[in-house]
Every structure is written in C-alpha cells, then in structure tokens.
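Dear colleague,

I am passing on the structure below, followed by my notes on what was found in it. Please read the notes with the coordinates open beside them.

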Amino acid sequence: ATEIIPNSQPMWLDNDCFSGHVMLLIRTPDVDNPKDLKPTGETPARISEYMKGFKRRFEFQFQIKLKKVPTGPLFLGCEVEQTIQMSRWTKSLATFLLAMIRRINPGFHYSLGIDRNKADPEQ
C-alpha cells in the first residue's frame, strides 16, 4: 500500500491501469482562524490559501493517464487502515446522505466497510 502524505508534493502512482499523480489536501486550522500559525513551506502555504475559498475539510486531486481504454464502468475507491469510528447517529446520517446521492446517481456505489475484528475469517 502507498501512503499519501497530506499537503505535500503530488505523489506518483503507476500500475497496470494508469499512471499519474495524486495529491491530498487537508484544511489547516489557519483557514478558519487567521490567528493560528500558517503552515510553513511553499506547498502547504499554497494549499492553505486555496482552501480559504471552500468549506470542505479535504480534497483529493488526481491527474492520471489511462494505459488502456476501459471496457466497462470506471471505479475510484479509497481505503483506510482502520474503521472510522462514528456514533450511531453519525453513521445513520452518513448512510442516509449516501443513499440520497445514490438515488440521484444510480451508478454511485459506497461501503462504510466492515469491522475486521468482527469479520468472519471464513469470508
């Protein structure tokens, strides 16, 4: 697995399907509170300035070149090492919002994952 370091230089990815760059931008505290210290370095400072125009907390940017023409749907996925801890209320809200997106876009697929500690080892 490749680890992407937030607010740094774009990371080069290359596999059988595509090659290109991916970048993870995360909102820094100074965006919401100008009294907080600004990040140091050219790239983090640029990202801080960029995020001021948005309410989002993070953003992935991809610049890729496909190595072959897809013959079916093209999927983009993201996986985290540990289950994201959510309260029952937060999980219900997330599930509801994702279901609404799916109603608008029937091709949208999502999964909140499984708890690997509780998963059946036979699967």
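**The segment before S1**

Asn7 counts as buried, at 13% relative accessibility, where buried means under 20% relative accessible area, exposed means over 50%, and partly exposed lies in between (1.4 Å probe, protein chains only). This is a predicted model, in which local features need pLDDT of at least 70 and side-chain atom pairs count only at pLDDT 80 or more, while totals for chains, interfaces and linings use all residues. Residues are numbered from 1 along each chain as its sequence is written, and side-chain values use heavy atoms, with hydrogens and water left out.

Asn7 is placed in the segment before strand S1 (11-14); helices (H or I, at least four residues) and strands (E, at least two) are DSSP runs, numbered from the N terminus. Although Asn7 is not a glycine, its phi is positive, at about 55 degrees. Most residues other than glycine have a negative phi.

Ser8 is also located in the segment before S1, and with a relative accessible area of 22% Ser8 is partly exposed. Once neighbours within four places in sequence are left aside, Ser8 is in contact with Met23 and Thr43, contact meaning heavy atoms within 4.5 Å. Between Ser8 and Phe58, which are 50 residues apart in sequence, the C-alpha to C-alpha distance is 13 Å.

Which residues of helix H2 (residues 42-51) are buried? They are Thr43, Pro44, Ile47, Ser48 and Met51. These residues lie on the same side of H2, because they cover an arc of only 140 degrees around the axis, the arc being that of the directions from the helix axis to the C-beta atoms. The cover over the buried residues of H2 includes strand S2 (18-26), helix H1 (29-32) and strand S3 (58-66).

Glu42, which is found in helix H2, is exposed, with a relative accessible area of 63%.

Arg56 sits in the loop between H2 and S3 and is partly exposed, its relative accessible area being 35%. Not counting residues up to four places away in sequence, Arg56 touches Arg27, Tyr50 and Met51. Arg56 and Asp32 are 24 residues apart along the chain, and their C-alpha atoms are separated by 11 Å.

**The protein as a whole**

The protein has three helices and three strands, and along the sequence these follow the pattern β-β-α-α-β-α. The radius of gyration is 18 Å, well over the 14 Å that the globule rule gives for 123 residues, so the protein is more spread out than a compact globule; the radius is taken over C-alpha atoms, and the rule is 2.2 Å times the number of residues to the power 0.38. Taken along the principal axes, the C-alpha atoms fill a box of roughly 50 × 45 × 35 Å.

Of the 123 residues, 15% are buried. Among the contacts with a separation of 6 or more, 49% are between residues 24 or more positions apart. The accessible surface comes to about 10,800 Å², and 57% of it belongs to carbon and sulfur atoms, with areas taken from the Shrake-Rupley method with a 1.4 Å probe and, for residues, only the protein chains shown counting as cover.

Kind regards
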